[in-house]
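Please look over the fold shown here and its charged pairs. A short report follows.

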Amino acid sequence: MRTERLDAPQLLAMVDELADLLTDTVHDGASVGFLAPLDRAAAVAWWRERADGVSAGRLAVWAALSGDRVVGTVSLAFADKPNSRHRAELVKLMVHRDARGRGLGRGLLTVAEDAAVAAGITLLHLDTETDSTAERLYGSAGWTRAGVIPDYAASPAGVLRPTTLYYKRVGAGAGVDGVPAG
């Protein structure tokens, strides 16, 4: 298993594999912004639209590969306002159903956190469905729960669900001995 940061041409070359991962994730019930059933053509189109953000440096996308098959992904969305360039949002951490339980989600999270530090980012944030498997991952990986917003997004089944907001100070923002700076 290897993880690669994708440039725009690589993302476009892997769009079918990425779309398969996205549809698998949604069909398994993960709340990643889509309703089920997710049409494969819509998943392909969504991934194609990400290429411009990757080209412009607003989005970094990593793919976890088993052979030539994409089995996981994670992205960082970089802020574009002058007063927020120290932070990024962790988005679309997904692991294919048949690749779960092997630490891949934790590994992708670490890849994104390390890349954020290398890019000078000191604060990461994300939202995830409350009481989800993903929420347990972020809590166990040292992310701080900031709060819950009720009825934030519809689950893939169309039911409004709360979301939990998390943040993590990284790099220079992490402080000394794990004590947050500031």
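## Sheet, helices and salt bridges

Glu-135 is buried, with a relative accessible area of 10%. The model is predicted. In it, salt bridges that share partners join Asp-24, Asp-28, Arg-97 and Arg-100 into one network.

Glu-135 has a charged partner of its own. Arg-145 forms a salt bridge with Glu-135, and the closest N and O atoms are 3.6 Å apart. Arg-145 lies in strand S6 and Glu-135 in helix H5, so the pair ties together parts that are ten residues apart in sequence. Arg-145 is partly exposed, with a relative accessible area of 48%.

**The sheet**

Seven strands make up an open sheet with mixed pairing, in the order S1-S2-S3-S4-S5-S7-S6. Which strands stand at the edges? They are S1 (2-6) and S6 (144-154). Each has a single partner strand, so one side of each is left without a neighbour in the sheet. From one strand to the next, the twist averages 25°.

Strand S3 (residues 69-78) and strand S4 (residues 87-95) run antiparallel and are joined by six bridges. Leu-76 stands opposite Leu-90 in S4.

**Helices across the strands**

Helix H2 (residues 15-27) lies across S1, S3 and S4. H2 runs at about 85° to S3. Helix H5 (residues 133-140) lies across S4, strand S5 (123-129), S6 and strand S7 (160-169). H5 runs at about 150° to S5.

Thr-128 is found in strand S5. Is Thr-128 buried or exposed? At 9% relative accessibility, Thr-128 counts as buried. Beyond its neighbours within four places in sequence, Thr-128 is in contact with Ala-134, Glu-135, Tyr-138, Pro-162, Thr-163, Thr-164 and Tyr-166.

Arg-106 is found in helix H4 (residues 104-118). At 36% relative accessibility, Arg-106 counts as partly exposed. Not counting residues up to four places away in sequence, Arg-106 touches Leu-137, Ser-140 and Ala-141. Arg-106 and Ser-140 are 34 residues apart in sequence, yet 9.4 Å apart in space, C-alpha to C-alpha.

**Salt bridges**

Side chains of opposite charge can pair when their charged atoms come close. The count here comes to ten salt bridges. The table gives some of them.

| Pair | N to O distance |
|---|---|
| Arg-161 and Glu-129 | 2.6 Å |
| Lys-168 and Glu-113 | 3.1 Å |
| Arg-145 and Glu-135 | 3.6 Å |

The side chains of Lys-168 and Glu-113 meet in a salt bridge. Lys-168 lies in strand S7 and Glu-113 in helix H4, so the pair ties together parts that are 55 residues apart in sequence. Both Lys-168 and Glu-113 are buried.

Arg-161 and Glu-129 also meet through their side chains. That pair links distant parts of the chain: Arg-161 is in strand S7 and Glu-129 in strand S5, 32 residues apart. Arg-161 is partly exposed, with a relative accessible area of 26%. Glu-129 is buried, with a relative accessible area of 16%.

**A nonpolar surface patch**

Which residues form a nonpolar patch on the surface? They are Ile-149, Tyr-152 and Leu-165. Together they have about 240 Å² of accessible area. Ile-149 lies in strand S6. At 32% relative accessibility, Ile-149 counts as partly exposed.

Note on methods. Residues numbered from 1 in each chain as written. Predicted model: local features only at pLDDT ≥ 70, side-chain atom pairs only at ≥ 80, totals over all residues. Heavy atoms only, no water. Pairing = 2+ DSSP bridges. Helix = DSSP H or I, 4+ residues; strand = E, 2+ residues; numbered from the N terminus. Axes fitted to C-alpha atoms, helices over the stretch in contact; angles between N-to-C directions. Contact = heavy atoms within 4.5 Å. Patch = residues over 30% accessible without salt bridge, like charges linked within 9 Å, V, L, I, M, F, W, Y side chains within 5 Å. Areas by Shrake-Rupley, 256 points an atom, 1.4 Å probe, with all protein chains shown as cover. Salt bridge = Lys/Arg side-chain N within 4 Å of Asp/Glu carboxyl O. Buried < 20%, exposed > 50% of the residue type's maximum accessible area, 1.4 Å probe, protein only.
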